Amino acid sequence: MARVIIYSGKGGTGKTTISAATATMLARAGYRTLVLSSDPAHSLADAVGAPISRDRPTPLAPCLYGLEVDTIYEWRHNLGGFQQFVASTYSSRGIDRSTAAELANQPGLDEILALQRVMSEARSGRWDMIVLDTAPTGNTLRLLAYPEMIIGGDAGKKFFRVYRGLANIARPFKRDLPDDRFFDEVGGLLERMDELANFLLSPTISLRLVLNPEKLPLLETRRAYTFLNLYGMLVDAVMVNKILPRRADLGPYFDYWVGLQRGYLEEIEACFTPTPIFRTVLQEGEPIGLPALEAIGRATFGEQDPGALLFDERPIWLEQWNEEGEPGHYELCLRLPFLSEGEPVVLARSGPDLTLTVGRLQRTIALPRILYDCALGAHRYEEGVLRLEFREATGEPLAPLAGSADELRVEAA
Ligand SMILES: Nc1ncnc2c1ncn2[C@@H]1O[C@H](COP(=O)(O)OP(=O)(O)OP(=O)(O)O)[C@@H](O)[C@H]1O
Ligand SMILES: [Mg+2]
């Protein structure tokens, strides 16, 4: 399978530029490289300064191909019935048809269709490297959460089956119920999303967060980092772009901004270490075209291979509870940076699933099989790692027991 690198981040930080720069370097090194954009704004063609097809990979340079996924086409092709149902529901509520069709394009689903294209390209054998340039953070993150939000583990799948049965019974009596095509497509979508969720967790895929040294991007990137850790994706680099050069001739007006950025650069290091951090200076002109992109890539990565997995720590793992390795006594470790002291973490266990909610973020973890019959016990938060004790049920109950919801508070270690 191809190595897949996904660049994600807030709007305008430089995702498209850095994606194209990375792909250009990889192609130069002789890897068969595809740079693919899931952004409906189609800015990849603008960055490379050449037209790019929305249908099949377009050759851009030796070993380098580009593709801008046409989500409207993918939608019609995969989800026409779903779209029609949603649109007709809206229009029966008095919303006009064209607005209804627009509303039926759920923002996260656009990205899911693009990721499905990535998955099939990655498995095609045509590519050594695939670089994905995504739309701004919000969508991508919501999309990553989708498989679990929609499917909701086994419970969600059961719900879907039951609902389909009920719709069949109720259809003669009610106008607005979805038909079989809707259920087939949604059922298919759920299955593919399940597959996609697994694909995203494979060890050849990593995600890199792009940000600028400013307050708001930093806050958002920290949240994204925690979320991705909850989700279990490999974040193998943090890319800081548009750093002002330290030059004496910029004058006092820029001194203020250079000083401000310096503060944020220090904060960025404190936040994301040990994940590798790469820095890109604000160029004198817009980096458009392959030569400018390659130059920006070289300046950013230096001697490092941009295609390498730059960091491979797993955010979720299992340990023995104590050094003696007492049988039936484990510790589920979740690397969750940036929880602050006193921040509530809500844990709810439902059969084989453990749902963790931190603020508005939620993640359902399929527990390792070995923990199925274990009760959840004490917890600690140490050096960015939330450690949850699990012990095989022996008769004497451990609080809280399986099936209960419990709120933990992060305490200083
Ligand atoms: N290091 C840099 N130096 C100078 N200009 C840059 C640099 N990085 C990006 N730019 C310019 O900043 C603008 C935004 O960059 P880019 O399109 O790569 O960001 P993006 O994160 O993909 O944006 P969007 O969220 O809209 O997709 C572009 O005009 C690009 O040429
Ligand atoms: Mg872009």
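Reader: Which backbone oxygen does the side chain of Asn-212 reach at 2.9 Å?

Author: That of Asn-241. A polar contact is a pair of N or O atoms within 3.5 Å; within protein, one must be able to donate a hydrogen and the other to accept it, and residues adjacent in sequence count only if both atoms are side-chain atoms. The side chain of Asn-212 also reaches the backbone oxygen of Thr-13, at 3.1 Å. This is a predicted model: local features need pLDDT of at least 70, side-chain atom pairs count only at pLDDT 80 or more, and totals for chains, interfaces and linings use all residues. Residues are numbered from 1 along each chain as its sequence is written, chains are lettered from A and ligands numbered from 1 in the order written, and side-chain values use heavy atoms, with hydrogens and water left out.

Reader: Why is Asn-212 called buried?

Author: Buried means under 20% relative accessible area, exposed over 50%, partly exposed in between (1.4 Å probe, protein chains only). Asn-212 has 6%, so it is buried. Asn-212 is in the loop between β6 (205-211) and α9 (215-231). Helices (H or I, at least four residues) and strands (E, at least two) are DSSP runs, numbered from the N terminus.

Reader: Which residues does Asn-212 touch, not counting those up to four places away in sequence?

Author: Gly-12, Thr-13, Pro-217, Val-240, Asn-241 and Lys-242. Contact means heavy atoms within 4.5 Å.

Reader: Now the ligand. How do you know that Glu-286 makes a polar contact with ligand 1?

Author: An N or O atom in the side chain of Glu-286 is 2.6 Å from an oxygen atom of ligand 1. That is within 3.5 Å, so the pair qualifies. Polar backbone atoms of Gly-12 and Gly-14 are each 2.9 Å from a ligand 1 oxygen. The protein covers 81% of the 630 Å² of accessible area that ligand 1 has on its own (Shrake-Rupley method, 1.4 Å probe; for residues, only the protein chains shown count as cover).

Reader: Which residues come nearest to ligand 1?

Author: Lys-15, Thr-16, Thr-17, Gln-283 and Glu-286, out of 19 around it (a heavy atom within 4 Å). Helix α1 gives the most to the shell, with three residues.

Reader: What makes a set of residues a nonpolar core?

Author: Its members are buried Ala, Val, Leu, Ile, Met, Phe, Trp, Tyr and Cys residues joined through side-chain atoms within 4.5 Å. The largest such core has 40 residues, and Val-4, Ile-6, Val-118, Ile-130, Phe-199 and Phe-272 touch the most other members. Helix α5 (residues 107-122) gives the most to this core, with six residues. A second, separate core has 27 residues, including Ile-18 and Leu-64.

Reader: How many helices and strands are there in the protein?

Author: Eleven helices and 16 strands. Of its 413 residues, 49% are buried.
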